[in-house]
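Please read them with the structure open beside you.

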Amino acid sequence: MASFPSLRLLSILGLILLATTTDAHSYSGADYYKDSCPQATAIVTDMVNNFVKANKNLAGGFLRLHFHDCFVRGCDASVLLNSPTNTAEKDARPNAGSLRGFHEIDQIKAALEAECPGIVSCADILALAARDATVKVGGQSWSLDLGRKDGKVSISSEADAQLPSPFSTYDQLVQNFSAVGFAQEEMVILSGGHTIGRSSCGAVQPRLYNFNGVAGLTDPSIDPSLAKELKKKCPENEPGSTLAMDSTKNTFDHLYFKAVLNNKGLFQSDANLLTNPVGKELVTRYSKAGSSFSSDFAAAMTKMSNIQWATDGEVRRVCSIINQ
């Protein structure tokens, strides 16, 4: 006759399993601050809503900060650290001069330090701000575990190497996302975050002038009417304007994918989503109103927020400086 383990043994095994699985994310959970800082998430939500109400451009800024944080060393707020030698992640080519929201994150952190000193990590603030800002401009909310710790290392060369580029090929995008655990389908879904993004002319001008080193050539994959419009906003060899990445600008919707499908994506990387059958099929699907884009994006963001939490971290008192 088969023997069965005793209830006591099962209880012990259960406790071991619980400890093992909980350890992986520093005893995390959506209610992580329920006892230590009950107002934490409400404070973040209220402040983010007020910031975005005053400046809708910040929605894309908060989302991008979280994205660029998690892709390098995981979701540990290393993107917020300052460097006296300008060699931190925020100084890297994809980040310098274009990341937004640092001042607002500092204000949120100060409010949380006043409410419950030394409790809420900057990494959690970034994760909450990205979600709440996206919801504020029409996106779907997503589940979010809390309890991240703040990392102590931030290196610009790592950000240069690991963050996707606006000039990436489809295969390069797949490689960048695969390195942090995403399938190519999730890469396409997360590219949809560009619906609330914006760009400098510098990321677009290589498509408009002397494309691929050919004098006078404009990228043939870009819609001619869009190219004409962009050349007015982005004259050759001039800084030019700030550009919205889809027609509804600061509203989270499907129109980024519609633009890409119609050869009106701003980045070369956007256009390159159509160069692969999987990418093209997903762009086509998500370009339609009523698609599953919003819910699929939310699921992918939950996954992104769980990339490699810091194992040797702290809760910074000031988000830009390691505790002394």
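1. Leaving aside its neighbours within four places in sequence, with which residues is glycine 118 in contact? Counting contact as heavy atoms within 4.5 Å, glycine 118 touches Glu113 and Val315 once those sequence neighbours within four places are set aside. Glycine 118 sits in the loop between α4 and α5, where helices (H or I, at least four residues) and strands (E, at least two) are DSSP runs numbered from the N terminus. With a relative accessible area of 36%, glycine 118 is partly exposed; buried means under 20% relative accessible area, exposed over 50% and partly exposed in between (1.4 Å probe, protein chains only). From C-alpha to C-alpha, glycine 118 and alanine 40 are 12 Å apart in space, although 78 residues apart in sequence.

2. A word on the basis of these values. This is a predicted model, in which local features need pLDDT of at least 70 and side-chain atom pairs count only at pLDDT 80 or more, while totals for chains, interfaces and linings use all residues. Residues are numbered from 1 along each chain as its sequence is written, and side-chain values use heavy atoms, with hydrogens and water left out.

3. The largest nonpolar core has 70 residues, and those with the most contacts inside it are Phe62, Leu80, Ile105, Ile108, Phe297 and Met304; such a core is a set of buried Ala, Val, Leu, Ile, Met, Phe, Trp, Tyr and Cys residues joined through side-chain atoms within 4.5 Å. Its largest share, nine residues, is supplied by helix α5 (residues 122–136). Another core, of 14 residues, lies apart from it and includes Tyr209, Leu226, Leu243 and Met245. Methionine 304, leaving aside neighbours within four places in sequence, is in contact with Phe67, Cys70, Phe71, Cys75, Phe182 and Leu190.

4. Helix α2 (residues 40–54) packs on helix α4 (residues 102–115) at an angle of about 150°, with the axes 10 Å apart; axes are lines fitted to C-alpha atoms, for helices over the stretch in contact, and angles run from 0 to 180 degrees between N-to-C directions. The two helices, α2 and α4, are therefore roughly antiparallel to each other, since angles under 35 degrees count as roughly parallel, over 145 as roughly antiparallel, 65 to 115 as roughly perpendicular and the rest as oblique. On the α2 side, Ala40, Ile43, Val44, Met47, Val48 and Phe51 meet Glu104, Gln107, Ile108, Ala111, Leu112 and Glu115 of α4.

5. The axes of α3 and α4 come within 10 Å and cross at roughly 80°, and these two helices are therefore roughly perpendicular to each other. Here Leu58, Phe62 and Leu65 of α3 meet Phe102, Glu104 and Ile105 of α4.

6. Helix α3 (residues 57–70) also packs with α5, at an angle of about 145° and with the axes 8 Å apart. In this pairing Ala59, Phe62, Leu63, Leu65, His66 and Asp69 of α3 meet Leu126, Ala127, Ala129, Ala130, Ala133 and Thr134 of α5.

7. Two backbone values deserve a look. Asparagine 86, in the loop between α3 and α4, has a positive phi near 55° without being a glycine, and asparagine 86 is exposed, at 55% relative accessible area. Lysine 249, in the loop between β2 (242–244) and α11 (255–261), likewise has a positive phi, of about 55°, and is partly exposed at 44% relative accessibility.
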